Amino acid sequence: MFGDNFFKRVESKTNVNKDTIISLAQKLQNSDMKDETTIREVIKEISTMTGKEVTKEKEDKIVTAILKDNV
């Protein structure tokens, strides 16, 4: 679906490699994204992978948006 060029661009911008992206996508596919705990775990994992800190306030907003189908 996505070519290597796409993954190279993502990796250059985020420092997250193709295997990590695919692994996360598979995890998301098999997850219950209506479960708050699961959503918070995914947010923390993405935060760690990208080296971007997510404040508690921002995490709460993301969780609320996902649970209310705003994303």
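**Entry 1: aromatic rings.** I searched the whole structure for aromatic pairs and found one. The rings of phenylalanine 6 and phenylalanine 7 have centres 5.3 Å apart and planes at 75°, so I recorded the pair as edge-to-face. For this term, rings of Phe, Tyr and Trp (its six-membered ring) pair if their centres lie within 6.5 Å; planes under 30 degrees apart count as stacked, over 60 as edge-to-face and the rest as tilted.

**Entry 2: basis of the values.** I noted that this is a predicted model, in which local features need pLDDT of at least 70 and side-chain atom pairs count only at pLDDT 80 or more, while totals for chains, interfaces and linings use all residues. Residues are numbered from 1 along each chain as its sequence is written, and side-chain values use heavy atoms, with hydrogens and water left out.

**Entry 3: exposure of the pair.** Are the two phenylalanines buried or exposed? Phenylalanine 6 is partly exposed, at a relative accessible area of 28%, whereas phenylalanine 7 is buried, at 9%. Buried means under 20% relative accessible area, exposed over 50%, and partly exposed in between (1.4 Å probe, protein chains only).

**Entry 4: helices α2 and α3.** I looked up helix α2 (residues 18–29) and helix α3 (residues 36–50); their axes come within 12 Å and cross at roughly 175°. The two helices are therefore roughly antiparallel to each other. Axes are lines fitted to C-alpha atoms, for helices over the stretch in contact, and angles run from 0 to 180 degrees between N-to-C directions. Angles under 35 degrees count as roughly parallel, over 145 as roughly antiparallel, 65 to 115 as roughly perpendicular and the rest as oblique. Helices (H or I, at least four residues) and strands (E, at least two) are DSSP runs, numbered from the N terminus.

Thr20, Leu24, Lys27 and Leu28 of α2 meet Val42, Glu45, Ile46 and Met49 of α3, where contact means heavy atoms within 4.5 Å.

**Entry 5: valine 16.** I located valine 16 in the loop between α1 (4–14) and α2. Valine 16 is buried, with a relative accessible area of 5%. Leaving aside residues up to four places away in sequence, valine 16 touches Glu11, Ile21, Met49 and Thr50.

**Entry 6: threonine 38.** I found threonine 38 in helix α3, and threonine 38 counts as buried at 17% relative accessibility. The side chains of threonine 38 and aspartate 35 are joined by a polar contact of 2.7 Å. A polar contact is a pair of N or O atoms within 3.5 Å; within protein, one must be able to donate a hydrogen and the other to accept it, and residues adjacent in sequence count only if both atoms are side-chain atoms.
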